[in-house]
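Please open the structure in your viewer and keep the selection tool at hand. The stops below tell you what to select next.

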Amino acid sequence: MLDLSRQYASIRGEMLAAVERVCDSQRYILSDEVAAFEREFAALCGTGDVVACASGTDALWLALAAAGIGAGHDVITTPFSFFATASSIVRAGAQPVFVDIDPLTLNLDPAQVERKLGTKCSRRRAIMPVHLYGQCADMESLNRMAAEHKLAMIEDAAQAIGASWNGKPAGALSLAAAFSFYPTKNLSAFGDAGALTTSDPHTAERLRLLRNHGGKQRYYHDEIGANSRMDSIQAAVLRVKMPHLARWNTGRRERAAVYDRLLATSGLTGGPVIRLNVSKQAHHVYHQYVVRVQKRDELRKFLSERGVSTEIYYPVPLHLQKCFAYLGYAPGDLPEAERAAAEVLALPMFPELREDEQRWVVEGIAEFFS
Ligand SMILES: *Cc1c(COP(=O)(O)O)cnc(C)c1O
């Protein structure tokens, strides 16, 4: 699925030098290194400010808390994402309201959001779309609705580092956006790390308070925040990797084009394999390359026996997770998310993947369906 050792081999010297620099400085948390990372990441995302934090999961919670979302509030989000999208809403004290996805992109469906907003509800405060697999949700439509209904917009951009919508980078499309640098993400740390982008100075200030126990001055606490600081070592690692990101994302897009071609020439697309749509407005960075198939689990087993690893993002939609039973959803409530959960299959994807390896993957799929 992902061989990080190839990337590491290409930048090993730079990485070790950066880690050594941090060790020599003896400054391990929220240092100049983290401040430099924040400036550089803000430039990359075209936002006024960046607040580094400990993980993407924390970033989502921090964004909601900074926007004043808490007890008694509803947040509209997608049922088809990583767990943290929904758990962060609950952790902020609010309630997730799941709205079904567009079957072609698997992102939050603006038409369904519009329908939901057509019903009156005084608890609604925010919309939190996810840029799934590296493709932005339809931010133009969603932002229009958010403005109309006076809702805050928060992006879960964990999978979309370097993506854009209508030329505007992920992270610059909302009040605040959450990024993750978990080791599998397009830009990854040597452990857990995350960040928030915002161009609203008030939000940036709230985020800085909340990530460090709610205080500006040590031992004086204006409110209850969290320990969600970024380590200097992670900032140093990310600073080494950031200049390579555009090239790596281009590599992912090239790998995706190769899959598109191989799947088409094998007669699989238009046949048993369904590709996802890429919107005209989207610059897709292929955090994952995902197709839809029937007999998905049998195919996965068949490929695994040929030495091809695949993944299912995500096998259980969020509205049917056991921990959210109290929300009262039942199977059949969000049919597109449920169908996607049964059909999606992510193929190996990383910039250093080779064409001969991709051929082996597609030949395996062709053999299964023949
Ligand atoms: C990875 C991810 C997160 C969480 O990020 P962590 O850094 O692992 O906490 C949140 N949302 C989505 C969509 C993700 O892919």
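This is a predicted model: local features need pLDDT of at least 70, side-chain atom pairs count only at pLDDT 80 or more; totals for chains, interfaces and linings use all residues.

Residues are numbered from 1 along each chain as its sequence is written, and side-chain values use heavy atoms, with hydrogens and water left out.

Select the ligand and the 15 residues around it, of which Gly 56, Thr 57, Asp 156, Ser 180 and Lys 185 come nearest (a residue counts as near if one of its heavy atoms lies within 4 Å). Show the polar contacts next (pairs of N or O atoms within 3.5 Å): a polar backbone atom of Gly 56 is 2.8 Å from an oxygen atom of the ligand, and a nitrogen atom of the ligand lies 2.8 Å from a polar side-chain atom of Asp 156. The side chain of Gln 159 has an N or O atom 2.8 Å from a ligand oxygen atom. The protein buries 93% of the 380 Å² that the ligand exposes when taken alone (Shrake-Rupley method, 1.4 Å probe).

Now select Phe 80, Leu 106, Tyr 289 and Ile 365, which touch the most other members of the largest nonpolar core, a set of 44 residues (buried Ala, Val, Leu, Ile, Met, Phe, Trp, Tyr and Cys residues joined through side-chain atoms within 4.5 Å, where buried means under 20% relative accessible area with a 1.4 Å probe, protein chains only). Apart from this core lies another, of 43 residues, including Leu 108 and Ala 193.

Terms used:
Buried means under 20% relative accessible area, exposed over 50%, partly exposed in between (1.4 Å probe, protein chains only). A polar contact is a pair of N or O atoms within 3.5 Å; within protein, one must be able to donate a hydrogen and the other to accept it, and residues adjacent in sequence count only if both atoms are side-chain atoms.
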